[in-house]
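Biologist: I would like to go through the aromatic side chains of this model. Please take them one at a time.

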Amino acid sequence: MSLVADPYDFIDYQLIIMCCTQIVFRRCIALLMITVCYQVMVFHWEGDDQVGRELGNRLYQQCKDAKYTDFVISSSTAHIACHSSVMAAASPHFSALLSSDMRESKEQRVVVDAYSADVMRIVVKICYNQPVQIADDDIKSCYEALDYYQIQYIKPVLVEHMISDIKAKNAISWMQFGGKYSLQNVVDKAWQIIHSEFSTVSDSDEFLELSSAELIDLFKDNARNNADFLVAGCLAWINRHENFTLDTFLAHIDVTRCSRPYLRNMLAEYDGNPVLDHRSSIIIARALADIQHKNKRILVMGGRENRHMKSLSR
């Protein structure tokens with residue numbers, strides 16, 4: 001009987017496993033050493049704000065000296081040389097313009113008619129991260145330009161200045177501007193001033209230059225305000241604008257909230273006053289009657305309550 005040897009009988013599995021384990025262990029150690037050495041050798045720098053400002057200052061100086069500039073912003077009164085890379089980095093609008101096949105990209109020049117040269121100089125300085133001083137008369141134009149060119153990082157600071165600048169004499173224009181650009185904080189502050197100082201607001205040129213539709217909207221939103229001030233403001237507006245009479249606006253004012261002396265004076269001035277037409281006088285007379293009737297009801301109810309309290313006390 002012959003014996004047949006199985007080749008697998010001569011394999012030492014323990015030895016193989018031990019060798020493989022040593023190989024894997026040595027490679028892990030080598031990889032760990034490489035990783036540690038890499039971490040030790042890498043130098044990490046997060047940058048320096050002062051260096052960034054200095055680079056911005058140098059770039060803007062080159063811009064003012066027209067050195068290495070490759071792009072021009074032209075208006076009717078000035079030509080502003082600048083670096084296309086800086087403008088594209090600061091403004092998505094300029095980035096899209098300069099990367100397109102449009103004439104401005106090929107000629108490396110853009111003509112701006114919507115904004116003055118002074119406003120565009122401020123826009124360029126902001127793109128170079130330079131300090132700027134903006135006059136109050138230019139705040140709106142600068143914000144409009146920054147919004148158009150999609151330069152966002154200074155806009156919150158401008159909004160804070162807008163809010164601090166709102167007064168009775170300019171509250172209406174700020175309210176309209178805030179509504180146009182969805183600046184709710186500006187709108188809220190302007191309405192707050194209009195509500196609290198309507199008598200002063202109604203004397204401003206902005207108020208007197210409103211259209212009739214804008215004036216009606218203003219009355220609707222000021223329903224809680226002193227009705228005497230609303231009617232007085234309306235009369236001041238009508239004196240500036242011809243072909244309007246008071247009845248056009250009284251439908252949008254709760255005249256019964258006016259004081260009785262004020263309404264009586266208006267009726268006394270009816271003769272000879274072209275603003276107070278017949279229909280207006282009827283509206284005012286009815287409002288005065290309603291006020292008197294309401295006061296009588298209050299007196300009657302007050303008397304009944306007093307009698308009821310006396311009977312209870314007995």
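Modeller: At 3% relative accessibility, W174 counts as buried, where buried means under 20% relative accessible area, exposed over 50% and partly exposed in between, with a 1.4 Å probe and protein chains only. The model is predicted, so local features need pLDDT of at least 70 and side-chain atom pairs pLDDT 80 or more, while totals for chains, interfaces and linings use all residues. Residues are numbered from 1 along each chain as its sequence is written, and side-chain values use heavy atoms, without hydrogens and water.

Biologist: Which kind of aromatic pair do W174 and F177 form?

Modeller: Both residues lie in helix α9 (residues 171–180), 3 residues apart, about one turn of the helix. F177 is buried too, at 7% relative accessible area. Rings of Phe, Tyr and Trp (its six-membered ring) pair if their centres lie within 6.5 Å; planes under 30 degrees apart count as stacked, over 60 as edge-to-face and the rest as tilted. With 5.7 Å centre to centre and 90° between the planes, the W174 and F177 pair is edge-to-face.

Biologist: Which residues does M162 touch, not counting those up to four places away in sequence?

Modeller: Contact means heavy atoms within 4.5 Å. By that rule, M162 touches W174 and F177, and also I139, Y143, L183 and V186.

Biologist: How many aromatic pairs does a search of the whole structure find, and what is the angle between the planes of F94 and Y149?

Modeller: The search finds 11 aromatic pairs. F94 and Y149 are stacked, 4.9 Å centre to centre, and the angle between their planes is 10°.

Terms used: Helices (H or I, at least four residues) and strands (E, at least two) are DSSP runs, numbered from the N terminus.
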